[in-house]
Amino acid sequence: MLLIALWSPSSHAQIFHPQAGSSSLFNAHGGSVEFQAPGYSGSLGAGVVDGRLVFGEVLRTQFHGYGLTAGDDVLPFNLPTDVFVADHYFFGKGLGIAKKSGRMDFVVFGGATSLALGAPYFSAARAEQPFGLFFAQFQQSPQLRFLIRTIASEKQTVIVGMEWSPRKWLSYSFSGGRGADSPYLANAVVIEGEKLTFKAAYISADQTFQRIGTQSTPLVSEPIKDNFYLGLRPLPNFSFSLSRQNVLSPVTSDQPSLEGTIHQLGANTILYGVRLSANLYQSRVSAKDTVGYAFSAERALGGKLEAGFDFYKSKSQGDFANQSMTAHLREAIAQSFSLTEYVTRSGGQTALNIGGEFLLSNRFSISLSHETAYLPFRATTGGGPFTHVYNLSLQFRPFGNLQLAANTNVAPDGTIRYTTSAGDYLYRSSGLESNGMLSLKIAKYVVLGKVVDAAGAPLAGVALQADGQMVFSNREGEFLVRFPKRRKVNFKVSLDDFLTATPYTIIAAPTNAETALEEQAIPLTVVLQRTSDISRVRLPQ
């Protein structure tokens with residue numbers, strides 16, 4: 001079926017995006033071909049992950065107003081009461097049908113849940129447990145909608161919900177039913193104004209609740225009990241926030257989740273050109289209390305310099321306090337050359353990190369960073385946990401749309417890991433009209449933005465998802481995702497899918513966005529902070 005779609009002579013135009021690569025960081029080697037043409041799109045992928053041959057494929061098309069999907073798919077599972085966490089999804093391999101007609105839309109999918117595998121240059125999946133899905137939504141009026149979410153699998157899920165928005169600034173939502181054979185009930189209210197944001201929700205669920213109870217479900221935290229967020233913006237240059245969240249954090253899909261409570265108090269302002277941010281955190285997990293403080297300041301010094309300072313401190317019950325201080329200076333020496341220096345004081349040790357980027361031309365760029373890293377898995381016989389690390393990134397476009405890339409990263413055990421890849425865009429036309437114009441329609445609505453660190457420097461290779469579509473930031477930190485219609489989409493930073501092994505935490509990122517015409521779109525800003533927590537870095541098995 002996929003081959004017929006690829007080589008159908010009646011296709012007016014086709015775009016192919018072949019990619020291939022090899023990575024010791026992901027322990028994955030393989031390639032893929034993405035294709036798009038009027039009426040259908042899809043991809044084919046194959047490779048070796050952890051020594052096992054894996055495949056991935058998907059084909060999407062339209063038939064008499066029905067959207068048809070065959071192969072691997074990302075299936076969102078959001079409820080109207082998800083006002084705090086709105087990025088629930090899982091992976092499926094099978095057949096799907098979707099239809100939007102007037103005020104009613106539905107999705108049917110049958111097959112097996114799947115475990116997503118691969119690397120940035122190809123994707124694959126391994127089928128796990130059989131399941132069937134039926135999701136439907138009915139828009140009673142512009143202010144009122146109803147929905148149902150049902151999944152038949154090893155454990156059953158049936159949840160109904162509604163959302164009522166009597167005013168543009170006010171909405172109330174309700175969800176109730178059973179998730180993975182466990183009871184679930186939620187109520188939420190949102191007030192959104194120019195100077196005030198208020199969110200509150202109460203969720204009744206026990207520690208066995210999951211939206212879909214299978215081994216391959218992505219582990220996502222669930223809010224429970226009472227939760228609220230209050231954000232005030234009394235002045236253009238001053239904002240204040242206060243929040244309380246109770247969450248269930250899953251350990252594995254077949255074990256009860258851990259329950260935790262987090263309180264946060266924060267403020268942001270600009271004073272004499274200095275951007276100031278301060279936050280206080282208090283959390284309780286497994287009867288253990290932790291208090292944390294965070295403070296940052298940064299200022300532009302003329303047109304080519306930017307300086308900043310960050311301070312973090314945390315103290316857990318019964319443990320020693322941990323704190324770190326970082327000062328940084330970014331210098332734009334020339335339009336194509338920049339340097340960034342970091343001085344970090346943590347754990348009684350001082351480290352100097354130097355990085356830079358040199359853009360030789362639009363077709364070649366090189367980036368080199370140096371740091372002193374703490375690697376707890378590095379043996380004493382190998383020199384101990386502290387080591388000097390150089391990370392190198394190369395990008396080269398020799399001709400046309402062909403792009404070659406190579407990156408090195410250090411793993412937590414101190415070994416150097418590499419990722420190399422190549423990609424191109426190919427175009428095929430047949431059966432064209434006499435004027436030779438391509439009839440391929442490119443989606444005109446977009447979500448775009450930029451990813452930066454706490455110092456405002458762009459971050460490349462950051463993985464982001466907009467309604468399940470994965471995109472990576474380029475070397476300028478910019479990203480763009482296209483959609484066929486104007487609508488609201490879920491947005492998240494996918495910390496486990498970055499192209500580099502450098503671990504980051506999220507300082508600021510939206511959870512949803514509105515698609516818009518490219519020339520009218522308001523860029524999103526995602527701010528990440530480098531962290532010493534390397535637990536998310538994947539080591540080869």
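Close-up 1. Glutamine 465 sits opposite methionine 470, a residue of β31. Here β31 and strand β30 (residues 463–466) pair in the antiparallel sense, over four bridges. Strands are DSSP runs (E, at least two residues) numbered from the N terminus, and two of them pair if DSSP finds at least two bridges between them. This is a predicted model, where local features need pLDDT of at least 70 and side-chain atom pairs count only at pLDDT 80 or more, while totals for chains, interfaces and linings use all residues. Residues are numbered from 1 along each chain as its sequence is written, and side-chain values use heavy atoms, with hydrogens and water left out.

**Close-up 2. The open sheet of four strands.** Its order runs β31-β30-β33-β35, and the pairing is antiparallel. At the edges you'll find β31 (469–472) and β35 (512–514), each pairing on one side only. In general, strands of a sheet pair through backbone hydrogen bonds, either parallel or antiparallel.

Close-up 3. Alanine 508 belongs to strand β34 (residues 504–508). Why does alanine 508 count as partly exposed? Because its relative accessible area is 34%, and buried means under 20%, exposed over 50%, and partly exposed in between (1.4 Å probe, protein chains only). Neighbours within four places in sequence aside, alanine 508 touches Thr525, Val526 and Val527 (contact means heavy atoms within 4.5 Å). Leucine 528 is 20 residues away along the chain, yet its C-alpha atom and that of alanine 508 are separated by 6.9 Å.

**Close-up 4. Isoleucine 97 in strand β6.** This strand covers residues 89–101. Isoleucine 97 has 38% relative accessibility, so it counts as partly exposed.
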